[in-house]
Structure formats: C-alpha cells, structure tokens
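Open the model in your viewer and keep the selection tool at hand. The stops below go one by one, each with something to select.

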Amino acid sequence: PVRYVPLFGTTRYDVSKERDDEVSFAEQVEVMGELIKAGKIRHWGLSNETPFGVCEFARVCDALGVPRPVSVQNSYSLLQRSDETGLVEAMRRLDVGYLPYSPLSAGVLSGKYRGLQTPPAGSRMELFQGYMDRYLKSQAPASVDRYCDVAAQFGLSPSQLAIAFCASRPFVASTIIGATSMEQLRDNIAGFNVEWNDEMEAAVAAVFESYPDPWRMLVRDGG
C-alpha cells in the first residue's frame, strides 16, 4: 500500500510511521476506473492489505461508481495465519477473493532447512542477509519440525501439506506458488490434489495451538 501499514516487522500500529505523502484511496480508485474504461484491465486487486484498507477501497469504489477490487494477495501459510483474525471476515463480507502468497513461508515449510545452522548455497535464506539468523532465533524451526511430522503421518511431502492447507481454506480463491526447479513445481502442484480431511485439520490445529505465530515467537536467549 502507498501508506504505512504494520504488516512487516512489528504488527503493532506505530503512529510515528504514518506518512504525509500517501496517495488517497480516491485517487487510486479513480485511476483503476480509468484503466477499466480504457479496456486496459478487466479487474484489479490489492496486495499486503489490511481490513481497514479493503473496507475503505470498497467504500470509495461504491461512492465513485468503480468496480471493487476482486482480490487481495497477502502472505499466508501454516506459519503465518494472522489474516484469519480480521481480514478474512472483511473479504467474505465484501466478496473479495484471497490469494495467499508464500504458502511455504519463504521455503522453510518445504523442510529443506531442517537441522541446518547455515543456509544452502543459492537458497532464499542465503540471498537475504540475516534471514537465517532470524529464523533460527524464532520458534519457526520447531514448528516446521512438527508440521513435517504431520506431513509424514499422512504420506505427504512437507510442501504438499503446506499447499494443501492453503487450498483447503474456504476463503482462499487460489494459491500463488513459486519454484526454481521442475521437481519443486511437481511437488507443489501435487499439493493441490490432496483431499483435505478432518484428521489433517485436527493434526494441523494441534501444532497451531502450540505455535500460533512461530516467526515472532523467540526461543529462549534467541533475541
């Protein structure tokens, strides 16, 4: 968004970070309306949005006679479910589709970092400085271990479980995946063919109860 939103780093709203140069909702909606009228786009969507943002865009669209956004793409995975506490309700009420990105949570839900203290060459954890340290200082590795065990329990790869979880949410319209090899792509696609059941839901819920926000839960003496 072209305004301050507390989605990265701390999730607490910091009034000192509000921006004077933010572009108004009305200006953005007017541009979308012009693009639709010109035939350059058919639909439009939002990314990294909040419940307030989605509701305000819808309100302004209705006031200006512009079609509402049809989707929101936000980070969502077994390790990042904060949107369930507010955004999901807003989208359901406004008939806006949810498009999770990073369903493998920066790749860690694939299990490829299990037991490692340094990231593999060329991996995302290596490319982004400090990412691995942040990961290791959180409860994410312990959470990933539990989810990997759940995947094995149902004869799935960790990636397949993570993607099947996203695809099984009733508020998810589609899930955005990414792969750097055909092997990864095949594994990811297989996740969409998993028939989610009550036993899987219960197993995931048990892990979630212990690790509701693992990326932000620090290990003892971890930081």
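The second largest pocket of this predicted model has a volume of about 580 Å³. To find it, select Leu-104, Gly-107, Lys-112, Gly-178 and Gln-184, which lie closest to the pocket's centre among the 24 residues that line it. Now colour three helices: α4 (124-127), α7 (158-168) and α8 (182-191) each give at least two residues to this lining. The largest share comes from α8, with four residues. Sorted by class, the lining of the second largest pocket holds nine nonpolar, eleven polar and four charged residues.

Next, go to the largest pocket, where the space amounts to about 800 Å³. Select Leu-7, Ser-75, Gln-80, Ser-82 and Arg-216; of the 29 lining residues, these lie nearest the centre of the largest pocket. The elements that contribute two or more residues to this lining are β2 (71-75) and α5 (131-136). By class, the lining of the largest pocket consists of eleven nonpolar, twelve polar and six charged residues.

Now select helix α6, residues 140-153. How far apart are its end C-alpha atoms? They are 20 Å apart, which agrees with the 20 Å that 14 residues should span at 1.5 Å a residue.

Stay on α6 and show the side chains of Ala-140, Ser-143, Val-144, Tyr-147, Cys-148, Val-150 and Ala-151, the buried residues of this helix. Turn the view until you look down the axis of α6: the buried residues fall within an arc of 160°, so they line one face of the helix. The general rule behind such a pattern is that an α-helix has 3.6 residues a turn, so residues three or four places apart point the same way.

For the last stop, select Arg-93, which sits in helix α3 (residues 87-94). Is Arg-93 buried or exposed? Arg-93 is exposed: its relative accessible area is 70%, and a residue counts as exposed when that value is over 50%. Arg-93 and Cys-55 are 38 residues apart along the chain, and their C-alpha atoms are separated by 9.5 Å.

Notes: Residues are numbered from 1 along each chain as its sequence is written. This is a predicted model: local features need pLDDT of at least 70, side-chain atom pairs count only at pLDDT 80 or more; totals for chains, interfaces and linings use all residues. Side-chain values use heavy atoms; hydrogens and water are left out. On a 1 Å grid over the protein atoms alone, a cavity is a set of points where a 1.4 Å probe fits but cannot get out, and a pocket is an open set with protein on both sides within 12 Å along at least five of seven lines; lining residues have an atom within 4 Å of a point. Grid points are joined across faces, edges and corners, and a volume is the space filled by probe spheres set on the points. Ala, Val, Leu, Ile, Met, Phe, Trp, Tyr, Cys and Pro count as nonpolar, Asp, Glu, Lys and Arg as charged, and the others, Gly among them, as polar. The expected span of a helix is 1.5 Å times one less than its number of residues. Buried means under 20% relative accessible area, exposed over 50%, partly exposed in between (1.4 Å probe, protein chains only). The arc is that of the directions from the helix axis to the C-beta atoms.
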